[in-house]
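Grab a pencil: here are a few exercises to work through on the model below. Each task comes with a solution, step by step.

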Amino acid sequence: MLDLQLLRTDLDRVARRLADRPFNLDAHAFRALEDERKGVQTRTQELQAKRNALAKQVGQAKGRGEDAAPLLAEASAVNEELAALENRLADVQRRAQDFLAVIPNVPHESVPAGRGAEQNVEVRRVGTPRTFDFAPRDHVDLGAAVGGLDFETAAKISGARFALMSGAIARLHRALAQLMLDVHTREHGYTEVYAPYLVNAASMFGTGQLPKFKDDLFAVPRGELGEFFLIPTAEVPVTNIVRDAIVPLDRLPLRYVCHTPCFRSEAGSYGKDTRGMIRQHQFDKVELVQIVDPARSYEGLEALTGHAEAILQRLGLPYRVVVLCTGDMGFSAAKTYDLEVWLPGQNAYREISSCSNFEAFQARRMQARFRNEKGKPELVHTLNGSGLAVGRTLVAVMENCQRADGGIDVPAALWPYMDGVKQILPAR
């Protein structure tokens, strides 16, 4: 959530920057809310002064033995109007919060302007896509060849956009997640956490999924108790660890890593990536979350992005890093790097991780703070990124490490997690 004071003092600049996302900030509506608020507060101050004056007059009248009834009646009317104004101010403030709740974050000054993915800017490429001496298959055909990836049975069980993994493919998927957790905890200083897969509305609001993106979520009704939501990413429960908390300065930065399934309705994605595992309702992800001192947050973003890259490098997968333009960033982000892995089956780079700095946007919604060097509470900055999306990493390994016979060579980094298995052979 944006700082209300920022809109009050720099509304036109904020509106111009948000227009690059593109988002139309209704400056007229905001000014109308502000004028109403100021009017209520001015009238409240006038009445409070009048109430104080009347109280003094009542005391003086009683001291002189005069009838104070008219003054008391006037004071009662003032108190009634003050109570009405208090309710009206609460309503204005609620409407102001509702107004703020659907405004995206202001892009950092270093973010390139653009309307969509075609305006994203490539930062670097690492590794060279493999040249095959045979026609490479995609992961769907490879999964069928080794007998470990079944979409038809998954559709029978649940419906479209689900996958059933078995045997060596299921083990490879688990091995990837374990490798990620081990690298991030042992080498990058993250603390592993196990978090709930169901969260409340306050948690979804805190990280920015609610209210704007409710249609993208899977809600679980609980009758009179309201509803849970299945997490779309571990970002939600893990970042909310610091909701309504004040973290001591000497504990920053906090670094958490969490492996969870993720659940997304994929609203609005009809017809996109319907083949295979690229866009699923359920998928696994190893998520990196950092809670940092604002002065160090962009340093933290570079480090976090490097931590995600380390997994791709460990697996020997070609990839590129792009900085997202204003029109392609997520709602809460101030700046985002996407890691895109090379997929031979699609002859294209595809996203495998988004690493974002949200600055104080989520922290303001969550009231997540730390005590600065002067001992005063200040909003933290929050960052997160996939380190990595496990299913898409599985796809990348299968396609980049495929053999002419339909088998798959297991990357050396995964051998210890595969009990020494170095190849997944075609089914006989």
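**Exercise 1.** Work out what span helix α6 (residues 167-186) should have, and check it against its end C-alpha atoms.

*Solution.* Start with the rule: the expected span is 1.5 Å times one less than the number of residues. For the 20 residues of α6 that gives 28 Å, and the end C-alpha atoms are 28 Å apart, so the two agree. Helices here are DSSP runs of H or I, at least four residues, and strands are runs of E, at least two, numbered from the N terminus.

A word on ground rules: this is a predicted model, where local features need pLDDT of at least 70, side-chain atom pairs count only at pLDDT 80 or more, and totals for chains, interfaces and linings use all residues. Residues are numbered from 1 along each chain as its sequence is written, and side-chain values use heavy atoms, leaving out hydrogens and water.

**Exercise 2.** Is Leu 388 buried or exposed, and which residues does it touch?

*Solution.* Next, its relative accessibility is 0%, so it counts as buried (under 20% relative accessible area; exposed is over 50%, partly exposed in between; 1.4 Å probe, protein chains only). Then list contacts (heavy atoms within 4.5 Å): not counting residues up to four places away in sequence, Leu 388 touches Met 180, Lys 285, Val 286, Ala 308, Ile 311, Leu 312, Leu 339, Ile 352, Ser 353 and Thr 393. Finally, go back to α6: Met 180 is among its buried residues.
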